[in-house]
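Here's a quick tour for anyone meeting this structure for the first time. Have a look at the sequence and the model, then read on.

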Amino acid sequence: MRATGRPIIDLLSRYRPRDPAEAADILRVRALAESAADPWSRSIPLHTTASALIVHPGSGRVLMRWHARQKSWLQVGGHGDPGESDPLDIALREAREETGLGDLVPYPDGCAVQVVIVPVAAGGDEPAHQHADLRFVLSTAEPDAARPEKPDAPLRWMTPSEAREHTAEPNVREGLRRVERLLAQAEHG
C-alpha cells in the first residue's frame, strides 16, 4: 500500500458501517486505498473524495450548497489536491473554500459519519465515474459568516429535515439523518 492510502485505511479501521450497503462500499474503498498508486487521483474511474455536513449546533441547522451539475442541495466537499492524503484535512479545506467559514472544527470528534460510493454522470471533459466519498461533520460558531464560493453555488442553512426534503440524493438524506441524531444526542447529552 502507498502512503496516500494509509490515512484512508486508518479511518476505515475505526469506522463501523451502519448497514450492508455501507459495508460493501467500505470494502471497495479499502481495496482502492490498498491498491491504487493514488486513491485520490481523478484519473481513475473510482477515486476517493472527502466531504462534510456543516452544522451550527446552537440552532440545530445544517449548511447545504446548491450543486448545479447535480441539480440538488448537497454537502460541501470534493477532491484531494496533489500531495494531500488525509480525508479530514481535505474535507476541512474544501469546506472552508466553499463556505468561507474559517472557524470550522470536527463535530463531535473528527470521525467519519458516512462512507458511500456515489455515481457521477459524465460532464464537460469528464467521463462518468464514481466517488468513494468519506463524509464528516464539521461545526461553526459563526453561521452568519458563511459566503458562497461562487454565485452559482449558493448556500442555505436548513434544519436536517428541511435539507432531506431539498436534496435529490438518498445517500445525502441518510447522512442528514445521522447528523440529526448527533445533534439530538448533543442536545440531550
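**Strand β2 and its partners**

In the hairpin of β2 and β3, four residues sit between the strands, and Lys71 there takes a positive phi near 55°. Strands, by the way, are DSSP runs of E with at least two residues, numbered from the N terminus. This is a predicted model, so local features need pLDDT of at least 70 and side-chain atom pairs count only at pLDDT 80 or more, while totals for chains, interfaces and linings use all residues. Residues are numbered from 1 along each chain as its sequence is written, and side-chain values use heavy atoms, with hydrogens and water left out.

Pairing (two strands pair if DSSP finds at least two bridges between them):

- β2 and β3 (residues 72-74) run antiparallel over three bridges, with Arg65 opposite Leu74 in β3.
- β1 (residues 46-56) is joined to β2 by three bridges, again antiparallel, and Ile54 has Leu63 in β2 as its bridge partner.
- β1 and β2 make a hairpin with four residues between them, where Gly60 in the turn has a positive phi of about 70°.
- Four bridges link β2 to β8 (residues 155-158), and these two run antiparallel; Val62 stands opposite Met158 in β8.

Burial (buried means under 20% relative accessible area, with a 1.4 Å probe and protein chains only):

- Five of the seven residues of β2 (residues 61-67) are buried, so the strand is largely enclosed by the rest of the structure.
- His131, found in strand β7 (residues 129-139), counts as buried at 14% relative accessibility.

Notes
Buried < 20%, exposed > 50% of the residue type's maximum accessible area, 1.4 Å probe, protein only.
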